[in-house]
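Here is a friendly walk through one protein chain, from its overall build down to single residues. Have the structure open beside the text as you read.

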Amino acid sequence: MSSPKQTVQEILNELPTLLAVAVVETETGMPLASHANIAEFDIETAAAYNTEVVKAKLKAIKALKLNQTIQDILLTLTDQLHLLKLSPTGDKFIYLAVNSRDTNLAQARQILKAHSGLLN
């Protein structure tokens, strides 16, 4: 098991060119640990709004009576990729923002998959 701070550091080690990463509490939207490589990236605001994305998708799955769980959520922006990966219990998620030109999406997904399974 890894703490949120350890998780952020390990992801940063594996993806040093990331724009931002955070471990976020799903209920409150508060980052438990975070890092941004660019000063103007407001990680707290991003975490709060992405929490609403996660909650909306969870509500939609429930309303549609789908027997499914979220693997990850990908938001594709003009030149950025934002990935949201829930922990196995769903009480936390990892939020990752990367530059789409500098990052292999499959690699980023694998890194988040490995780390989300270890969150405590």
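## Overall build

Among contacts between residues at least 6 apart in sequence, 51% join residues at least 24 apart. The model you are looking at is a predicted one. It contains three helices and five strands, and from the N terminus the order of these elements is α-β-β-α-β-β-β-α.

How does the radius of gyration agree with that of a compact globule? A compact globule with 120 residues would have a radius of gyration near 14 Å, and the protein, at 13 Å, agrees with this. The C-alpha trace spans about 40 × 35 × 25 Å along its principal axes. Of the 120 residues, 42% are buried. The protein exposes about 6,800 Å², and carbon and sulfur atoms supply 53% of that area.

## Helix α1 and its two sides

Let us start with the helix at residues 4–14, α1, whose buried residues are Pro4, Thr7, Val8, Ile11 and Leu12. These residues cover an arc of only 130° around the axis, so they sit on the same side of α1. Lys5 and Asn13, on the other side of α1, are exposed.

What do the buried residues of α1 pack against? Their partners are β1, β2, β5 and α3.

## Strand β1 and its partners

Strand β1 covers residues 20–25 and is mostly covered, with five of its six residues buried. It pairs with strand β2 (residues 31–36) in the antiparallel sense, over five bridges.

Is threonine 26 buried or exposed? Its relative accessibility is 7%, under the 20% limit, so threonine 26 counts as buried. Leaving out residues up to four places away in sequence, threonine 26 touches Thr51, Val54, Lys55, Gly90, Asp91, Lys92 and Phe93.

## An aromatic pair

How many aromatic pairs does the structure hold? There is one. The ring centres of phenylalanine 41 and tyrosine 95 lie 6.5 Å apart with their planes at 35°, so the pair is tilted. The pair links distant parts of the chain: phenylalanine 41 is in the loop between β2 and α2 (43–63), tyrosine 95 is in strand β5, and they are 54 residues apart. Phenylalanine 41 and tyrosine 95 are both buried.

## Loop residues, covered and uncovered

Threonine 103 belongs to the loop between β5 and α3 (105–116). Where does this residue stand, buried or exposed? With a relative accessible area of 10%, under the 20% limit, threonine 103 is buried. Apart from its neighbours within four places in sequence, threonine 103 is in contact with Leu15, Thr17, Val98 and Ala108.

Two further loop residues are exposed. Threonine 78 is in the loop between β3 (73–76) and β4 (80–86). Its relative accessible area is 84%, over the 50% limit, so threonine 78 is exposed. For a sense of its position, the C-alpha atoms of threonine 78 and glycine 29 are separated by 25 Å, while the two residues are 49 apart along the chain. Lysine 65 lies in the loop between α2 and β3, and a relative accessible area of 75% makes lysine 65 exposed. Its phi is near 55°, a positive value in a residue other than glycine.

Conventions
Residues numbered from 1 in each chain as written. Predicted model: local features only at pLDDT ≥ 70, side-chain atom pairs only at ≥ 80, totals over all residues. Heavy atoms only, no water. Buried < 20%, exposed > 50% of the residue type's maximum accessible area, 1.4 Å probe, protein only. Helix = DSSP H or I, 4+ residues; strand = E, 2+ residues; numbered from the N terminus. Pairing = 2+ DSSP bridges. Phe/Tyr/Trp six-rings, centres within 6.5 Å; stacked < 30°, edge-to-face > 60°. Contact = heavy atoms within 4.5 Å. Rg over C-alpha atoms; globule rule 2.2 N^0.38 Å. Areas by Shrake-Rupley, 256 points an atom, 1.4 Å probe, with all protein chains shown as cover. Arc of directions from axis to C-beta.
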